[in-house]
Amino acid sequence: MRRRTLLALTAGAGVAWGTPAAAHPRLDLVLAADGSGDVTTAQAAIDAAPSGATTPYVIGVRPGTYLGQVIVPAGKTAIELRGLGRSPSDVVIADDRANGTLKPDGTPWGTSGSASVTISGAGFRATNLTFANLFDEAAHPEIANRQAVAVLTRADKLVFDRVRFLANQDTLYVNSTAAGVVARAYFRDCYVEGDVDFIFGRATAVFDRCRIHSLDRGSSPNGYVTAPSTDLTNPHGLLFSYCRLTSDAPAGTVLLGRPWHPSNDPNAVGQTVIRDSWIGAHIGATAWSDFGTWPWRDARLAEYRNTGPGALVTADRPQLTRAEAAATEIPDFLRGADAWSPECARRAV
């Protein structure tokens with residue numbers, strides 16, 4: 001695969017992580033790969049959680065690598081996975097299948113089915129750990145459809161704090177249960193790595209002080225950071241606030257995104273807003289791309305007050321007005337009808 005091997009990744013991978021936050025006062029269950037806890041697999045830990053919980057069920061995850069696909073069903077609500085290592089790299093939950101990988105019955109898994117972790121339970125939280133899809137593209141030239149999702153979200157009110165997401169194409173799929181259904185996810189101080197459309201979907205997803213790293217595919221273009229498919233009825237899609245967009249790819253070879261229309265849905269008018277962020281030279285004067293026959297100018301793509309060598313202001317880089325920016329902050333995206341406010345969310349300064 002084009003990215004660094006899992007064990008060679010540095011603990012922070014470029015994010016300024018310090019000592020983990022104070023441990024939760026209690027753990028409901030301990031997951032440990034070496035058998036020193038209550039269960040040894042991530043799926044067993046999820047299965048042990050109660051259904052329909054309204055208060056957090058906290059699963060402490062001891063350092064180690066946990067291989068195998070993980071499903072968090074809709075009935076398993078308010079689950080928290082809390083990594084117990086010193087940094088997010090100490091706990092890794094991963095699988096290695098792609099869209100074109102064949103199931104035992106000979107049919108492909110598809111993009112959604114490739115996900116290492118699928119989260120359908122509302123109120124899920126993950127802290128201080130890593131989710132990865134280890135599918136090795138170079139080792140499988142026979143597989144043409146190489147989308148390989150690390151995490152697929154389908155639920156509302158999700159929080160990821162100090163979490164790494166590692167894969168190549170389609171790393172992080174932020175979705176909802178159906179078109180027109182709003183599902184909110186908040187990512188704070190996270191690291192997301194990939195190449196093609198590696199943050200995509202129709203959910204409302206906020207990235208707050210995250211590092212977004214584009215891999216060098218050795219091609220031109222080298223990839224696309226986002227592929228939003230936000231429903232036209234939803235005013236809030238993908239928001240990046242005070243993030244760092246980095247890459248080892250040559251200057252001007254990566255695009256900020258393109259609008260995805262699943263099944264050619266005309267109502268999937270994607271939104272990506274990148275504001276108050278640092279953008280590396282891998283992003284050029286033209287930062288957005290059409291997706292097939294769907295023009296990027298018809299989507300909701302904009303920037304505001306970005307800095308860095310790739311933060312160019314051109315006719316092909318739409319900018320929010322000051323008034324538009326005032327209504328496009330983190331609480332505006334997350335609040336919703338129920339006034340949801342994750343304790344670590346904040347307004348721009």
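Helix α1 (42–48) and strand β4 (70–72) each supply at least two residues of the lining of the largest cavity, where helices (H or I, at least four residues) and strands (E, at least two) are DSSP runs numbered from the N terminus. The model is a predicted one, in which local features need pLDDT of at least 70 and side-chain atom pairs count only at pLDDT 80 or more, while totals for chains, interfaces and linings use all residues. Residues are numbered from 1 along each chain as its sequence is written, and side-chain values use heavy atoms, with hydrogens and water left out.

Rolling a probe the size of a water molecule over the atoms shows where empty space is left. On a 1 Å grid over the protein atoms alone, a cavity is a set of points where a 1.4 Å probe fits but cannot get out, whereas a pocket is an open set with protein on both sides within 12 Å along at least five of seven lines, and lining residues have an atom within 4 Å of a point. Points are joined across faces, edges and corners, and a volume is the space filled by probe spheres set on them.

The structure holds 1 cavity of 30 Å³ or more, and the largest cavity has a volume of about 40 Å³. Its lining is made up of Ala42, Ile46, Val70, Val72, Leu81, Ile93, Val117, Phe124 and Phe131, which divide into 9 nonpolar, no polar and no charged residues. In this division Ala, Val, Leu, Ile, Met, Phe, Trp, Tyr, Cys and Pro count as nonpolar, Asp, Glu, Lys and Arg as charged, and the others, Gly among them, as polar.

The largest pocket has a volume of about 290 Å³ and is lined by 18 residues, of which Pro56, Gly123, Arg125, Lys157 and Val159 lie nearest its centre. Strand β5 (residues 79–83) gives the largest share of this lining, 3 residues, and by class the lining has 8 nonpolar, 5 polar and 5 charged residues.

A disulfide, taken here as a pair of cysteine sulfur atoms within 2.5 Å, does not occur, as the structure holds 0 of them. Cys190 is in no disulfide, and the nearest cysteine sulfur, that of Cys210, is 4.6 Å away, which is too far for a bond. Cys190 is buried, with a relative accessible area of 0%, and Cys210 also counts as buried, at 3%, the term meaning under 20% relative accessible area (1.4 Å probe, protein chains only).

Key: Buried means under 20% relative accessible area, exposed over 50%, partly exposed in between (1.4 Å probe, protein chains only).
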